[in-house]
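Welcome! Here is a short briefing for someone meeting this structure for the first time. Have a look at it, and then read on.

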Amino acid sequence: MLKIKNLRAGVEDKDILNGIDLHVSPGEVHAIMGPNGSGKSTLAAVVAGKEEFEVTEGEVLLDGEDISELDPEERAHKGVFLSFQYPVEIPGVTVTNFIKTAINETRKAQGMEDMPAGEMLKKIKEKADLLEIDRKFLSRSLNEGFSGGEKKRNEIFQLAMMEPKLAILDETDSGLDIDALKVVANGVNKLKSDDNAVIVITHYQRLLDYIVPDYVHVLMDGKIVKSGPKELAYELEKRGYDWIKEELV
Amino acid sequence: MSLKDKLLSSFIAFEDYLEDDSPIHDVRNEAIKHFEEKGFPTKKEEAWKYTSLRTLLKEDYSLTPYKESVVEFKDVKKYFLHEVDTYKVVFVDGVYSSFLSQTTHDKLDVCLLSAAFSKDKYKSVIETYFNKVAKSESLTSLNTAFAKEGAYIFVPNHVESDKPIEIINFSTGNEAAAMLQPRNLIVVGENAHVQIIERHQSLSGNAVLTNAVTEIFAEKRAHLDYYKIQNDQHTASLLDHTYIHQERDSICKVHTFSFGGKLTRNNLNFYQNGEHCDSVLKGITILEDNQHVDHNTLVHHISPNCESHQDYKGIFDDKSTGVFNGKVLVEKEAQKIDAFQQNNNILISDKATINAKPQLEIFADDVKCSHGCTIGQLDEDAMFYLRSRGIGKKEARALLMYAFANNVLESVKIPELKKRINKLIANKIGVSLGFDL
């Protein structure tokens, strides 16, 4: 589904990603771990199309098509979804109106009619229930005055509504207490199928107890330096990252 | 002949034409003398530094009197808040249109200033209020000199107007260029409530220059909500002067929505003459092309324990220019007041300009005054967030601009008006968003 080949990217004179290779097949969960500043969030933003970063080399293929030159909205239309580490507050636009706009804009790009209002309402209700979201929450302004946990839960609600092919969760666990973490993870697991894939970016192994990865990758200085099965995450939790550095030397 | 000379010579004819015993004869003569002395303001004056009237004054405007024009309701319906029942005071080319208006003398007076001038029963009101809060400023004096027609609204003590009042000035473009000088007088009695919507609307592409003065008196515990809708043709200019005198415990709110027009100058002045007054000044300005809007506000805190809140948002595209000059003057006696001023601007184009100048003059020592002013572009992170959800660049921009202006709309009390303004904003931004406006 997603093939990243020798991806190099950065801002102005600074290189952040120094040749990333990553293959994600349908039905898989990949975890990307790594110390602060290793380039995890940049990788997520580059795949989603943030214009601030310049891709200097390599390809990002989604189902065989290079998407590295596409606008962020075009990537979204093709099924890429990024759950933000720091979601933006949009006063005056309710959660419901925002998701309606997002879904209908995506449908329009795919040559489909707007989703009928009844179907939309039903879907909103179903996904809100799945993530244990209070109905009142949906008529609040998007992310405005939301707690850290509410913001993250709202991101996963959007994920559930948009049903992307590829979901990238950028530090979704930060700011969540254990109960909220379980609800969010349970939501992600329910949405998981053989046709879609998830990339989980995290500092801690904790989230991976609930969203169990098929592969764990370690990102350091903008490169994937080690990959392994889910057990690798436990090892990183226990031993930190220094031993990998030493291994590399 | 310069416009000033033309006005001065036409004043003689104008005075002759009016009846000799006009109660405001002396006031008019004083005013024209003042205008003759001062002339039109120029950029040399601090308060007019960023707004030049030069080009406007070059037009050969036709002054009074006007030919009477017929305007069909169906042609102008869209300019009324027709979804709700309202009182209406409508003028076409400066002349009262009884056909388009809906006035009352039932519980309150919603009628004409010319009627108030001519009838004995209004004499004491005119003597008490007319030209009492308007200041000696050259354009205001010019209006006073020619003051003849406008809306006269008198809400007696303890009366709550049962419907909003619309004041609309249409200009038909029968003349190649026309100058209008409407004059409104509004008195809101003790504990009385009223909502007023004001609009100036040109119906053609011909040049119009309106020099308007509105005097408002809010007695004790009075509530006033005043909405100015400025969405005129790009050939129409407006010089507006609104003076509000507040007595104790009164609440006066003025919302100014500036979307249209060629050049608009809003002089909005509040005078707090009793304790516990609340003054609210809010505005949304969205401009394009070569449009120019200048908000010149004054809140004069004369009494203690009062509040004032100013919140102006501006979005400027193309070569449009905006000015925000917000003055808060706190007298020595005005202790324990709370004055807040906020002005946020977004420049969409490299060629758009905003000149923002907050001015705080504080002579009291125990007050709370705050002001904030920002000028920026749309937030890139917010744009990426919206676009990553499949929302195109244009819609994402519109959504952010909508969100930016939104909190000013929250305090609009008439739901139909709020909806209308919402739509105007969406149209102005140029997209119809897929959510309920």
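This is a predicted model: local features need pLDDT of at least 70, side-chain atom pairs count only at pLDDT 80 or more; totals for chains, interfaces and linings use all residues.

**Chain A overall**

- The C-alpha trace of chain A spans about 60 × 40 × 35 Å along its principal axes.
- Of the 249 residues in chain A, 55% are buried.
- Among contacts in chain A with a separation of 6 or more, 69% come from residues 24 or more positions apart.

**Helix H1 of chain A**

- Helix H1 of chain A runs over residues 40-48 and is mostly covered, with eight of its nine residues buried.
- The buried residues of H1(A) include Leu43(A), Val46(A) and Val47(A).
- Lys40(A) and Thr42(A) are also among the buried residues of this helix.
- Gly49(A) follows H1(A) and has a positive phi, near 100°.

**The largest cavity**

- The largest cavity has a volume of about 100 Å³.
- Its lining is made up of 13 residues, and those nearest the centre are His200(B), Gln230(B), Asp232(B), Leu238(B) and Thr264(B).
- Three strands of chain B, namely S9 (207-218), S10 (223-230) and S11 (236-246), each supply at least two residues of the lining of the largest cavity.
- S11(B) gives the most to this lining, with three residues.
- By type, the lining residues of the largest cavity divide into four nonpolar, eight polar and one charged.

**A salt bridge within chain A**

- Lys165(A) forms a salt bridge with Asp63(A), and their closest N and O atoms are 2.7 Å apart.
- This pair links distant parts of the chain, 102 residues apart: Lys165(A) is in the loop between helix H5 (148-162) and strand S9 (166-170) of chain A, while Asp63(A) is in the loop between strand S4 (54-62) and strand S5 (65-66) of chain A.
- Lys165(A) is partly exposed, with a relative accessible area of 32%, and Asp63(A) is partly exposed, with a relative accessible area of 46%.

**A salt bridge between the chains**

- Arg387(B) forms a salt bridge with Asp71(A), with the closest N and O atoms 3.6 Å apart.
- The pair crosses between chains, from Arg387(B) in helix H8 (residues 380-387) of chain B to Asp71(A) in the loop between S5 and helix H2 (72-77) of chain A.
- Arg387(B) is buried, at a relative accessible area of 4%, whereas Asp71(A) counts as partly exposed at 29% relative accessibility.

- Lys163(B) forms a salt bridge with Asp85(B), the closest N and O atoms being 3.0 Å apart.
- Lys163(B) lies in the loop between strand S4 (151-155) and strand S5 (165-171) of chain B, and Asp85(B) in the loop between helix H4 (73-76) and strand S1 (87-92) of chain B, so the pair ties together parts that are 78 residues apart in sequence.
- Lys163(B) is buried, with a relative accessible area of 14%, but Asp85(B) counts as partly exposed at 47% relative accessibility.
- Salt bridges that share partners also join Glu51(A), Asp71(A), Glu73(A) and Arg387(B) into one network.

Methods
Residues are numbered from 1 along each chain as its sequence is written. Chains are lettered from A and ligands numbered from 1 in the order in which they are written. Side-chain values use heavy atoms; hydrogens and water are left out. Buried means under 20% relative accessible area, exposed over 50%, partly exposed in between (1.4 Å probe, protein chains only). Helices (H or I, at least four residues) and strands (E, at least two) are DSSP runs, numbered from the N terminus. On a 1 Å grid over the protein atoms alone, a cavity is a set of points where a 1.4 Å probe fits but cannot get out, and a pocket is an open set with protein on both sides within 12 Å along at least five of seven lines; lining residues have an atom within 4 Å of a point. Grid points are joined across faces, edges and corners, and a volume is the space filled by probe spheres set on the points. Ala, Val, Leu, Ile, Met, Phe, Trp, Tyr, Cys and Pro count as nonpolar, Asp, Glu, Lys and Arg as charged, and the others, Gly among them, as polar. A salt bridge is a side-chain nitrogen of Lys or Arg within 4 Å of a carboxyl oxygen of Asp or Glu. Contact means heavy atoms within 4.5 Å.
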